[in-house]
Amino acid sequence: MHQVFLKAVPILEKIEKAGYEAYFVGGSVRDYLLGKDIDDVDIATSALPEEVKAIFPKTVDVGIEHGTILVLYKGTAYEVTTFRTDGEYKDFRHPERVTFIRSLHEDLKRRDFTMNAIAMDKTGKIIDPFNGKQDLTDKRIRTVGKAEERFQEDALRIMRGVRFVSQLGFEMEEATYRALEEYAPLLIHIAVERIYAEFSKLLEGEFLSKALTLLVDARIHHYLPELAEYEKEIKKVAELCEATRLGEEELWALLLYLCNPKNDEKFLRAWKMPVKKIREIRDIKAAVLRREKEDWSEEMLYRTGLKIAIQAEKVYRTLKRIPFSGFPQKLEALYESLAIHNRKELAITGYDLMQWYNKKSGPWIKEMLENIERAVLNREVENDKARIKEWLQP
Ligand code: ATP
Ligand code: MG
């Protein structure tokens with residue numbers, strides 16, 4: 001068994017000693033069977049939340065209404081969730097209420113895909129009532145039970161399915177694919193935040209091209225914020241990304257560049273992403289547009305900042321199909337060699353100007369500082385107080 005599981009075995013043992021069942025479940029078991037890295041494990045148990053709390057001295061209620069208790073054990077936090085079935089689904093989203101149960105099998109049955117419905121006990125024995133292991137071997141994504149029913153219950157599973165295609169490169173089993181296509185319109189009932197969380201993971205997947213192609217072929221983009229009109233552009237991203245690896249913000253910038261919506265801010269806001277991310281994506285796009293007109297000059301790199309410049313150059317090269325080799329080092333070296341890297345590094349301040357000219361503060365200071373900044377950057381004058389004074393001749 002993997003080290004991460006071994007460390008958590010005492011938790012299963014303590015729960016069992018108290019007279020309940022406990023297993024490893026979910027993504028960690030799936031990733032372990034795939035031989036992938038795992039960093040946290042999820043535990044499912046027949047013990048009710050209150051019963052879990054009674055067993056462990058240190059717990060936190062994180063999602064007690066869903067049956068999840070955080071157990072703190074030897075410096076690590078473990079999510080321990082009571083076996084449950086999801087009650088009635090209303091409006092194709094969250095179930096009305098969950099019902100706690102004592103049967104592992106019933107708990108596995110409510111999970112989305114067969115590969116996510118595998119449990120492992122403390123000895124490493126696999127409990128796999130829906131043949132998830134076989135699907136992992138065959139690289140196939142298949143819902144637990146009838147796909148039409150499962151996607152109607154919770155349409156987010158459609159996005160999760162495409163996200164797993166992106167992460168794992170698997171194929172959709174036929175009936176699962178057909179249902180995915182048929183019920184994609186139900187995605188409009190799902191909270192954008194939940195869709196965005198899955199879409200972010202999708203963008204970072206190794207098999208992004210495949211996932212985006214599937215997304216468009218199944219017409220899922222019609223039911224995602226702002227993307228309905230952009231089939232061609234999404235396909236273009238899929239095509240361009242086959243050769244390169246871009247980070248999430250870079251991909252959004254590429255998408256934004258290609259879609260070129262009337263209002264970039266509105267386009268990104270519709271996804272309810274953090275404001276900071278929106279700003280970063282727009283900065284990258286703006287830098288790509290500048291980069292199309294000219295190669296990096298010292299002043300352009302100074303104004304853009306190294307981080308955004310590298311991201312923009314990646315997007316630019318992706319668009320123009322130029323290989324990535326060597327460019328970050330070149331930009332880094334150019335950045336290092338700049339006379340200054342920000343306004344604070346300037347050898348003089350507005351206060352110096354007020355003294356030299358014996359004038360009160362005002363808009364003239366900002367203007368003059370900008371001129372000095374540009375002159376220093378372009379090496380018309382050295383970044384040195386005396387030299388700048390000489391150059392200004394106040
Ligand atoms: P990741 O490795 O990205 O965390 P994951 O499969 O663990 O992927 P989680 O969102 O952490 O995804 O969910 C944990 C488990 O809960 C899943 O493996 C699955 O069994 C179940 N699950 C999560 N979301 C749903 C859903 N919408 N419908 C049914 N089961 C779900
Ligand atoms: Mg998980």
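This is a predicted model: local features need pLDDT of at least 70, side-chain atom pairs count only at pLDDT 80 or more; totals for chains, interfaces and linings use all residues.
Trainee: Which pocket does ligand 1 take up?
Mentor: Taken alone, ligand 1 exposes 590 Å², and the protein buries 74% of that. A volume of about 1,700 Å³ belongs to the largest pocket. The space that ligand 1 takes is the largest pocket.

Trainee: Which helix gives the largest share of the shell around ligand 1?
Mentor: The shell has 14 residues, with Arg30, Asn116, Asp154, Arg157 and Arg163 the closest. Helices H2 (27-33) and H7 (156-168) each supply at least two of the shell residues. The largest share, four residues, comes from H7.

Trainee: Which residue places a polar side-chain atom 3.0 Å from an oxygen atom of ligand 1?
Mentor: Aspartate 112 has a backbone N or O atom 3.2 Å from a nitrogen atom of the ligand. Asparagine 116 also uses a backbone N or O atom, 2.9 Å from a ligand oxygen. The side-chain contact at 3.0 Å comes from arginine 160.

Trainee: How many charged residues are in the lining of the largest pocket?
Mentor: The lining has 48 residues, and Asp42, Arg160, Arg163, Glu198 and Lys201 lie nearest the pocket centre. By class, 11 are nonpolar and 11 polar, and the charged residues number 26.

Trainee: Which helix supplies the largest share of the lining of the second largest pocket?
Mentor: This pocket has a volume of about 200 Å³. Its lining has 14 residues, including Lys109, Arg110 and Glu153. E6, helix H4 (104-109) and helix H6 (147-153) each supply at least two residues. The largest share, three residues, comes from H6.

How values were computed: Residues are numbered from 1 along each chain as its sequence is written. Chains are lettered from A and ligands numbered from 1 in the order in which they are written. Side-chain values use heavy atoms; hydrogens and water are left out. A residue is near a molecule or strand if one of its heavy atoms lies within 4 Å of it. A polar contact is a pair of N or O atoms within 3.5 Å; within protein, one must be able to donate a hydrogen and the other to accept it, and residues adjacent in sequence count only if both atoms are side-chain atoms. Accessible areas come from the Shrake-Rupley method with a 1.4 Å probe; for residues, only the protein chains shown count as cover. On a 1 Å grid over the protein atoms alone, a cavity is a set of points where a 1.4 Å probe fits but cannot get out, and a pocket is an open set with protein on both sides within 12 Å along at least five of seven lines; lining residues have an atom within 4 Å of a point. A molecule sits in a cavity or pocket if more than half of its atoms lie within 2 Å of its grid points. Grid points are joined across faces, edges and corners, and a volume is the space filled by probe spheres set on the points. Ala, Val, Leu, Ile, Met, Phe, Trp, Tyr, Cys and Pro count as nonpolar, Asp, Glu, Lys and Arg as charged, and the others, Gly among them, as polar.
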